[in-house]
Amino acid sequence: MPDWSIKDIPSQLGRSAVVTGTGGIGFEDALALARARCEIIIAGRSLEKGSSAIARIRAAFPDAKIRFEELDLASMKSVKDFGCRMRAQRSSLDMLINNAAVMAPPLRKATSDGFELQFGTNYLGHFALTAQLLPLLRNGKEPRVVNVSSLAARSGVIDFDDLQAEREYRPMRVYSQSKLACLMFAFALQTRSDVSGWGIRSIAAHPGIARTELIPNGAGPRSLQGLARSFLWFLFQSPAQGALPTLFAATSPLAEPGGYYGPDRLGETRGVPAAARVPRRAKDAAASARLWELSEKLTGVRFS
């Protein structure tokens, strides 16, 4: 495909989107969608960060139709409450971008429901959120769900024997597992949409290596990843560039249902959107079905 940029985003006037995450890729997604005149709900934990993001977007686009809603993906109650509010406030939704993430905290942490923090936030939180918003998405206009994965998914393994890393916690190994799960979820959601006639286009994307706050907020600035971010800065592309594959997946007529997109250069670390290489484990249908069934049990949601 030719080089693709935010200038190629079709008008989103009349369309609506929920974007999780108030900074980094999520902020750039919301900014670009506001430019395209989409109605946007930024969902995140911090009212302060959400308000700041909205103020910055409105400074660039004063007529932007955008607001903040509180959502803590590390809490199933918060996810359920958010879904209830959305279903009470509106009858449809056209786009869901499952973007927010936690990356490699050095010590194991748990969500309020007892899940390992990365698996619980990055994957289970978004799995439950998608189920909560499914009735609205089914009423949307050509609805899309975009799950943001990572290059780390290539080394990911779904460890069904220690899914919550209770026996052994390796920060990057657990992060990779969560991002592989996000990718598997995107593919499985498309299959179920096709079978059930939901009309949803489910697509995955990854940002390559982008200079966001994900590493400092997770592994920390003095971690190996944090030091690489500081001293090998030239390897990291901007958040705006890193957001392009997600935006392509969310808006382009060329984005295929069940597709996976990332940057096109240097091993998919940087560049413009292109088809990404799908890790072999992401294609394991038996593991995907087992993960879906287990995820419904853990989160207490059903896709129906």
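Mentor: Start with the whole. The protein has 10 helices and eight strands. Keep in mind that this is a predicted model.

Take the overall form next. With 304 residues, a compact globule would have a radius of gyration near 19 Å. The protein has 18 Å, which agrees. Along its principal axes, the C-alpha trace spans about 50 × 45 × 40 Å. Buried residues make up 58% of the 304. The accessible surface comes to about 13400 Å², and carbon and sulfur atoms hold 52% of that surface.

Now look at how the chain meets itself. Take the contacts with a separation of 6 or more: 74% of them join residues 24 or more positions apart.

Now the core itself. The largest nonpolar core has 50 residues. Three of its members touch the most other members: Tyr123, Leu133 and Phe303. Several elements each supply at least two residues of this core: strand E2 (39–44), helix H3 (76–89), helix H4 (117–138), helix H5 (171–196) and helix H10 (285–299). H4 gives the most, with 11 residues.

Setting aside residues up to four places away in sequence, Tyr123 touches Gln118, Ser178, Ala181, Cys182, Phe185, Leu291 and Ser295. Check those numbers against the helix ranges. Ser178, Ala181, Cys182 and Phe185 fall within the range of H5. Leu291 and Ser295 fall within the range of H10. An α-helix has 3.6 residues a turn, so residues three or four places apart point the same way.

Beyond its neighbours within four places in sequence, Gln132 is in contact with Val79, Lys80, Gly83, Arg87 and Val301. Val79, Lys80, Gly83 and Arg87 fall within the range of H3.

Turn to helix H1 (residues 24–35), where Ala30 lies. Ala30 is buried, with a relative accessible area of 0%. Leaving aside neighbours within four places, Ala30 is in contact with Ile40, Ile42, Ile57 and Ile66. Ile40 and Ile42 fall within the range of strand E2. Ala30 and Ala53 are 23 residues apart in sequence, yet 8.9 Å apart in space, C-alpha to C-alpha.

Finish with two loop residues. Ala104 lies in the loop between strand E4 (95–98) and H4. Phi of Ala104 is near 50°, a positive value in a residue other than glycine. Ala104 counts as buried, at 3% relative accessibility. Ala165 lies in the loop between strand E5 (144–148) and H5. Ala165 has a positive phi of about 50°, although it is not a glycine. Ala165 is buried too, with a relative accessible area of 4%.

Technical notes: Residues numbered from 1 in each chain as written. Predicted model: local features only at pLDDT ≥ 70, side-chain atom pairs only at ≥ 80, totals over all residues. Heavy atoms only, no water. Core = buried A, V, L, I, M, F, W, Y, C linked by side-chain atoms within 4.5 Å. Buried < 20%, exposed > 50% of the residue type's maximum accessible area, 1.4 Å probe, protein only. Helix = DSSP H or I, 4+ residues; strand = E, 2+ residues; numbered from the N terminus. Contact = heavy atoms within 4.5 Å. Rg over C-alpha atoms; globule rule 2.2 N^0.38 Å. Areas by Shrake-Rupley, 256 points an atom, 1.4 Å probe, with all protein chains shown as cover.
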